[in-house]
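Here's a quick briefing to read alongside the model. Have the sequence and the 3D view open as you go.

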Amino acid sequence: MKGEVLKSTTIIKILGFTLLSIAFFYFGKHWFDGSQQLIFFNSHQNPTTSQFVSISPNFNKSFSLPSLINNTTTNSPENSVPPPPPVAPPPPGVERMGVLDENGVMNDEFEVGDFDPKVVDNWGIGNETDVVEIGINRFRVKKFGLCPASMREYIPCLDNVEAISKLKSTERGEKFERHCPEKGKGLSCLVPPPRGYRAPIPWPRSRDEVWFSNVPHARLAEDKGGQNWILIDKDKFKFPGGGTQFIHGADQYLDQIEKMLPEIAFGRHVRVALDIGCGVASFGAYLISRNVLTLSVAPKDVHENQIQFALERGVPAMVAAIATHRLLYPSQAFELIHCSRCRINWTRDDGILLLEVNRLLRAGGYFVWAAQPVYKHEPLLERQWEEMVNLTTRLCWNLVKKEGYIAIWQKPLNNSCYLSREEGTQPSLCDVHDDPDDVWYVDLKACITRLPEEGYGANITNWPSRLQYPPDRLQSIQVDSFVSRKELFKAESKFWKEIIESYVRAWHWKKFKLRNVMDMRAGFGGFAAALIENQLDCWVLNVVPVSGQNTLPVIFDRGLLGVMHDWCEPFDTYPRTYDLLHANGLFSIEQKRCNMSTILLEMDRILRPGGRVYIRDSVAVMDELQDIGKAMGWHVTVRDTSEGPHASYKILTCDKHLLRA
């Protein structure tokens, strides 16, 4: 009897608990219908682009719960609480495409939208973007208009007619050097492509042919057609691989050089080369298959489209003139420097131009000269040859081979020969305080660059092991850090290896037609090294900004290409010459020195239609970058980094559409 009573009591308790739960459920549903939500927000962010966790506006305030529940309005004055301001509804969900899913978890099972090839017509119509709000500041950015058709191949610092006309002298090639527009007179419009512009022919086919409509200039073909440089065939330019001094083809020419001097060992000992006065860059184009990166340089002279053709082909190249200033590369950058009928008088002004070659040439490196004075027996040419032999002897270069029309010299490995010369021999050694890696607007110097006593630059490993091996010159880089330079080097390499692997996997980089790539803030070159490790068939120009540490020597010691540049000024290349521009932390640093729109307009100028931009930078600059990108007609998307949606860095990816005048 007693057990039955206890059982009845237990059943009653269970039924009571169940009824009470149901009552609370309906009570909550009645009073809280889902129309109000507790939202945490940050008023300093643009709510349409991203969401951030911050402190609730109700923090540290007291509320009377009964009053809130009963919706009463008769609170005493001392306890009255003003009604909370209306809260904006949450923004619509944004479809994100990136390495992370919405939970911040690495995920490679998603799709990246296809590039929209639609042509943007009537670009000048509707010339303002929406209002952009950052904190309490509001501003408008107008859509940038198209430049005149006459500017289709405009290079701001090399086409500055006003500045060039004011030069006191042009005898030494000063008009081919940088003369940038004054502040406020720079590019403020979008450089249009030529009519009929087409997506470039992909590499490796582009080595042998490009579309005529993309570089519609026939003069070079007319002048050099008989020398096997370049030919016009219907709607294409074709490149048979010849040159002025090697009309039978670059491959045969390269075989001859390596046969003359097997120690050159293309692709193993010689990895980085410089071709001065390159023509259409067939020398460098054919060295690529031998694992040699060749930077082809030429001035914008009477054959002004040489570099434009080279870059359209997908060959590393820059517009540059060896005239009165140092070239923008560090000392001991190249294992081989080549000049084939480059029309340079190497012995003028006490050999100051060859002294610049000596600065750029690595200890033990080779200078290859193919020219008429080497093989022709005419009084004037024989005198030029004697002057060249005399100068190179005083430079302590060793003439290691002379055969046919090719002469090859080798630079010494150390300073012992320089120090043992007769007293008063010219040119003299440079001052011990001269920095041979200081190149930004630095005049040429008529002295011999000293080699480091520690042997830095000479003791590099062969390719490909040198790509990931910390070079000796790493120790000469001025870096403010509590960890060793080798640790920084390895950490950067590991960081970019992981990042590029995720880009390749998540954003299908191997499907992109990437050939000409620029890293705008290269550090030690880890980004470029990671592209090579991931077997992406492209080359990278590593740009080291003047506002940071000069890491260029390390980049070249790794077997990569690089250049010094100030991003507050235009870059020396033709429009539409790069497929991918990569900028890591560039804008948050350079915004202190120049407007971000200045840099972005220059990026648009050098980016091919259909090209891509990847900007990895702080959240603080993303809104402005987005707005300027839209004003230039780019398709822009902000993505999370691998640190998750609340990291201080974001990734801005941009696609450039084809604009027509």
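**Cores and strands at a glance**

Leaving aside residues up to four places away in sequence, Tyr329 touches Leu295, Val297, Met318, Ala320, Phe334, Arg359, Leu360, Val439, Phe556, Gly562 and Val563 (contact means heavy atoms within 4.5 Å). This is a predicted model, where local features need pLDDT of at least 70, side-chain atom pairs count only at pLDDT 80 or more, and totals for chains, interfaces and linings use all residues. Numbering runs from 1 along each chain as its sequence is written, and side-chain values use heavy atoms, with hydrogens and water left out.

**Nonpolar cores**
- Tyr329 also belongs to the largest nonpolar core, which has 148 residues; Tyr329, Trp346, Phe367 and Trp509 have the most contacts inside it.
- A core here is a set of buried Ala, Val, Leu, Ile, Met, Phe, Trp, Tyr and Cys residues joined through side-chain atoms within 4.5 Å.
- Buried means under 20% relative accessible area (1.4 Å probe, protein chains only).
- A second, separate core has 10 residues, including Leu220, Trp229, Phe237 and Phe309.

**Around strand E17**
- Strands (E) are DSSP runs of at least two residues, numbered from the N terminus, and two of them pair if DSSP finds at least two bridges between them.
- In E17 (residues 607–618), 11 of the 12 residues are buried, so the rest of the structure largely encloses this strand.
- E16 (residues 578–584) pairs with E17 in the parallel sense over 6 bridges, with Leu581 opposite Val613.
- E19 (residues 649–655) pairs with E17 in the antiparallel sense over 7 bridges, and Ile615 has Leu652 as its bridge partner.

Key. Buried < 20%, exposed > 50% of the residue type's maximum accessible area, 1.4 Å probe, protein only. Helix = DSSP H or I, 4+ residues; strand = E, 2+ residues; numbered from the N terminus.
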